Amino acid sequence: MPPPSDIVKVAVEWPGANAQLLEIDQKRPLASVIKEVCDGWSLPNPEFYTLRYADGPQLYITEQTRSDIKNGTILQLAVSPSRAARQLVDRIQSHSMEARLEAMKELAKLSADVTFATEFINMDGIVVLTHLVESGTKLLSHYGEMLAFALTAFLELMDHGVVSWDMVSLTFIKQIAGYVSQPTVDVSILQRSLAILESMVLNSQSLYQKVAEEITVGQLISHLQVSNQEIQTYAIALINALFLKAPEDKRQDPLLNPLELPCTEMANAFAQKHLRSIILTHIIRGNRPIKTEMAHQLYVLQVLTFNLLEERMMTKMDPNDQAQRDIIFELRRIAFDAEAESNSLSGGGMEKRKAMYIKDYKMLGFTNHINPALDFTQTPPGMLALDNMLYLAKNHQDTYVRIVLKNSSREDKHECPFGRSAIELTRMLCEILQVGELPNEGRNDYHPMFFTHDRAFEELFAICIQLLNKTWKEMRATAEDFNKVLGAGGGNPWGSESIAMGAPPARQPEPCASCLAERFWYCRLALNHKMLHYGDLEDNNAQGEVTFESLQEKIPVADIKAVVTGKDCPHMKEKGALKQNKEALELAFSILYDPDETLNFIAPNKYEVAIWIDGLNALLGKDMASELTKSDLDTLLSMEMKLRLLDLENIHVPEVPPPVPKEPSSYDFVYHYG
């Protein structure tokens, strides 16, 4: 008969004593359960104790959280949160540096628990902690390690929301910002300092101003050029936080960043420090796979960058504004070389000039031929559409002129109205890219293309307007088909022309023979892709097929923690291994799997290394980053781009694939898995 649902069976531990096996009645007061446990070990004053989990974060158990206890859980009898908090407030102020270090370690661990954090904060523990950090430079022994634990505890305590971030002093902010600006600060201290500054900015508008006054864009950019991706992630997260909280007047220029302090450095931040290109070079195109949190921060930066367009998107054109009207005149001049025509008609009268303007505006595809400014009074896309058209005309003039003139030379019913198309396409791009909306916490779908160009939105528009015209031509569309064509060619610029970078299909690893110190073994992937089978070879010859049955050892793919190469391989770190020739290092790779085991390889050639590294990374759900993969991807992308450019130049690309060759007389060449 199963036990009642209110009864849970647990084990309770206490240092130096045998564990107690208890059946806890969840309807019984927790204080009564704790007294029973204390009585079992003859411990006085049960009110000084509580229960907490033995594994994981070791959270305290309260009346509110006791329902989470499951059968078989291992618990610990521990000092109550209030007593532990009082003890730690005293211990972190100890004159003994060793005692203070141990107290900081324990505080960093316990601060993750909201029950303990509340008690510690109520005893002004966080004030004591901040004072210790502020005077930290006076400490000598163990300072770096102690400071890392102190900053960890501070961040955990503040994240519970028990106390406002506005209680932080300017001295504390300067101290933390100082760690960020130091070129040789310990990684753990730098990581926590960046995280604390990010939380300050996100949780207090007044702290935003103070933090922005203490750090510069140049200091943050330097942390993007390191090899530690966690530091890079925290640095971008802080940039995003400053970007998000910046006042409107500090983030209007898309070439600037809101960290406009000092102003002289800020004004040239993007031009001098090349933030975008640094992110592209050191992160997106770096040698390490992009982790989930980094991908999210890149997505946030992408969204915030596009949100700089919101003001223009929501600005209506003023038909009486001469400067705005001059932009339309410039579009006409570039398309039709209108200056020469204007000079030739200088004595032709106002009516003739007006008729010529109306004709040209019709050829440009505006809906309002008499006053095209009225086309830009709807928001979105507002003036952003006109900005895109001018960018295309000035930066891709040949493309702009070709689109306009080709459509003006078609029959009236088949012309694709450039002005109307550009306005509607801009509106759709704003909708797809969610211009003006705040980043979503659960998304990480950044697009590398948007980090390859300073004017990514305008460049995307330039590509899409060409695709739209190509689709219009292929469909032999008329004015009545406008919305239909837009849905087919411009409604989603991703589609088959996806700009998101994805890895090519995983290659199937071939069986691989590995040798080290004259020892050979054979390894191959199971047909269901769930196991790696390996074993010693009877002779030093890897030729021919080796069956699964002959390979006695196996590793579950789910147990693989990582794949490392070259000098990171354990067998390359052994005494004398690094003195091997460079070729051996380039051919070495190791599989690290649970609990702490490794399987080491030296492949016969670089091709085999690439095949196996890519295949294993694909099995683990990671990006394939070998040079072979990059080469394949570049080939595919350049081939597709060349084909599309041929089509845009009116070079016919067959739509029907070539005929399939006849079947071979036999399939003896097919590889049969065992």
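Helices here are DSSP runs of at least four residues, numbered from the N terminus. With that in hand, we can walk through this structure, which is a predicted model.

Asp 124 lies in the loop between helix 4 (114-122) and helix 5 (125-134). Most residues other than glycine have a negative phi, and most peptide bonds are trans. Asp 124, although not a glycine, has a positive phi of about 60°. With a relative accessibility of 47%, Asp 124 counts as partly exposed, because that class runs between 20% and 50%. Ser 42 is another residue that is not a glycine and yet has a positive phi, here about 55°. You will find Ser 42 in the loop between helix 1 (30-40) and strand 3 (49-53). Ser 42 counts as exposed, because its relative accessibility is 66% and the cut-off for exposed is over 50%.

Now let us turn to the strands. Strand 1 covers residues 7-13, and five of its seven residues are buried, so strand 1 is largely enclosed by the rest of the structure. Strand 1 pairs with strand 2 (residues 20-25) in the antiparallel sense, over six bridges. Across this pairing, Lys 9 stands opposite Glu 23 of strand 2. The two strands make a hairpin with six residues between them, and in its turn Gly 16 has a positive phi of about 80°. Strand 1 has another partner too: three bridges join strand 1 to strand 4 (residues 74-79), and these two run parallel. There, Glu 13 has Gln 76 in strand 4 as its bridge partner.

Next come the charged side chains. Side chains of opposite charge can pair when their charged atoms come close. The structure holds 20 salt bridges, and a few of them are worth a visit. Glu 63 and Arg 66 meet through their side chains at 3.1 Å, N to O. Arg 91 and Glu 106 form another salt bridge, with their closest N and O atoms 3.0 Å apart. This pair links distant parts of the chain, since Arg 91 belongs to helix 2 (residues 81-91) and Glu 106 to helix 3 (residues 97-110), 15 residues apart. Arg 91 is partly exposed at 31% relative accessibility, and Glu 106 is partly exposed at 30%.

Arg 332 lies in helix 17 (residues 322-336) and Asp 360 in helix 19, so the pair ties together parts that are 28 residues apart in sequence. Both Arg 332 and Asp 360 are buried. Elsewhere, salt bridges that share partners connect Glu 102, Lys 105 and Glu 145 in one network. A charge can also meet a ring: the charged end of Arg 83 sits over the ring of Phe 48, 4.1 Å from its centre.

Asp 360 leads us to helix 19 itself. Helix 19 (residues 350-363) has 14 residues and reaches 20 Å from its first C-alpha to its last, close to the 20 Å expected at 1.5 Å a residue. Which of its residues are buried? They include Met 356, Asp 360 and Tyr 361. These residues cover an arc of only 130° around the axis, which puts them on the same side of helix 19. On the other side of helix 19, Glu 351 and Lys 359 are exposed. Just after helix 19, Gly 365 takes a positive phi of about 90°.

Tyr 361 also belongs to a group of rings. Among the residues that ring pairs link into a cluster are Tyr 357, Tyr 361 and Phe 366, together with Phe 329 and Phe 376. The structure as a whole holds 15 aromatic pairs.

Our last stop is the loop between helix 19 and helix 20 (383-395), where Pro 380 is found. The peptide bond from Thr 379 to Pro 380 is cis, with omega near -20°. Pro 381 is found in this loop between helix 19 and helix 20 as well, and a cis peptide bond with omega of about 15° joins Pro 380 and Pro 381.

Terms used:
Residues numbered from 1 in each chain as written. Predicted model: local features only at pLDDT ≥ 70, side-chain atom pairs only at ≥ 80, totals over all residues. Heavy atoms only, no water. Expected span 1.5 Å × (residues − 1). Buried < 20%, exposed > 50% of the residue type's maximum accessible area, 1.4 Å probe, protein only. Arc of directions from axis to C-beta. Phe/Tyr/Trp six-rings, centres within 6.5 Å; stacked < 30°, edge-to-face > 60°. Lys NZ or Arg CZ within 6 Å of the ring centre and 35° of its normal. Pairing = 2+ DSSP bridges. Salt bridge = Lys/Arg side-chain N within 4 Å of Asp/Glu carboxyl O.
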